[in-house]
Amino acid sequence: MVVVLGGGQRRSIDPAKLDPSPHSLVRLIGALELSIEFNWPIIVCGGSYSGEIPEAVAMANKARRLFPNITIYEEAQSRTTWENIKNTIPILKSLGVKDAILVTHGYHMFRAIMTAKEMAPEINWYPYPVGESRDLVPLSLMDFLPKASDFQINSIALREYLGIVAYKTRLLLRLT
């Protein structure tokens, strides 16, 4: 089973125009690659903050338009990584799944896989990070000059570090 965590969506009041965010699309493409290559079903995760159509529905609709024969389950109630994992576990258990591939961005994987392994140790979780955020060429002098995109990267890193601390604390205290 492939479990793909949502990464946001473009909000719309028109369901026909609802689309996953670029972050979610990268994750969805990774999940679709695995699903197509190994004929594995997918669980798409992600809810909604303000009553619009859930992120999981947007991802599932996009995947079904592209690949109508893939089996897709939707976990459409969650708003956080914690809730993604918590709400996916009953689906996995009801299907008798013992092994799950977790798809998310590499920067997000540590927190996601840590949470999954702690919340459901009876499931064998395997990370499948997507969305390489660095260039795969040697560094040049220009790489050391500040860029506007560095602020976004630092913001993502800070969010993940804070998320790791919060989730580790929550797991230690076993809060749900």
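This is a predicted model: local features need pLDDT of at least 70, side-chain atom pairs count only at pLDDT 80 or more; totals for chains, interfaces and linings use all residues.
Colleague: How are H4 and H5 oriented, roughly parallel or roughly antiparallel?
Modeller: The axes of H4 (residues 106–119) and H5 (residues 148–173) come within 9 Å and cross at roughly 15°. Angles under 35 degrees count as roughly parallel. That crossing angle therefore makes H4, relative to H5, roughly parallel.

Colleague: Is the crossing of H4 and H5 left-handed or right-handed?
Modeller: The residues that H4 brings to the contact include Tyr-107, Phe-110 and Met-114, and those of H5 include Ile-156, Ile-164 and Leu-171. The crossing of the two helices, H4 and H5, is left-handed.

Colleague: How many residues of the contact of H4 with H5 are nonpolar?
Modeller: Arg-111 and Glu-118 of H4 are among the contact residues, as are Glu-160 and Lys-168 of H5. By class, the contact of H4 with H5 has four charged residues and three polar ones, and its nonpolar residues number eight.

Colleague: Which helix gives the most to the lining of the largest pocket?
Modeller: At least two lining residues come from each of H1 (22–38), H3 (81–94), H4 and H5. With six residues, the helix that gives the most to this lining is H5.

Colleague: How many residues of the lining of the largest pocket are polar?
Modeller: The largest pocket holds about 660 Å³ of space. Its lining has 28 residues, and Gly-6, Gly-7, Gly-8, Arg-79 and Arg-159 lie nearest the centre. Gly counts as polar and Arg as charged. Across the lining, five residues are nonpolar and eight charged, while the polar ones number 15.

Key
Residues are numbered from 1 along each chain as its sequence is written. Side-chain values use heavy atoms; hydrogens and water are left out. Axes are lines fitted to C-alpha atoms, for helices over the stretch in contact, and angles run from 0 to 180 degrees between N-to-C directions. Helices (H or I, at least four residues) and strands (E, at least two) are DSSP runs, numbered from the N terminus. Angles under 35 degrees count as roughly parallel, over 145 as roughly antiparallel, 65 to 115 as roughly perpendicular and the rest as oblique. A crossing is left-handed if the near helix is turned anticlockwise from the far one by less than a right angle, and right-handed if clockwise. Contact means heavy atoms within 4.5 Å. On a 1 Å grid over the protein atoms alone, a cavity is a set of points where a 1.4 Å probe fits but cannot get out, and a pocket is an open set with protein on both sides within 12 Å along at least five of seven lines; lining residues have an atom within 4 Å of a point. Grid points are joined across faces, edges and corners, and a volume is the space filled by probe spheres set on the points.
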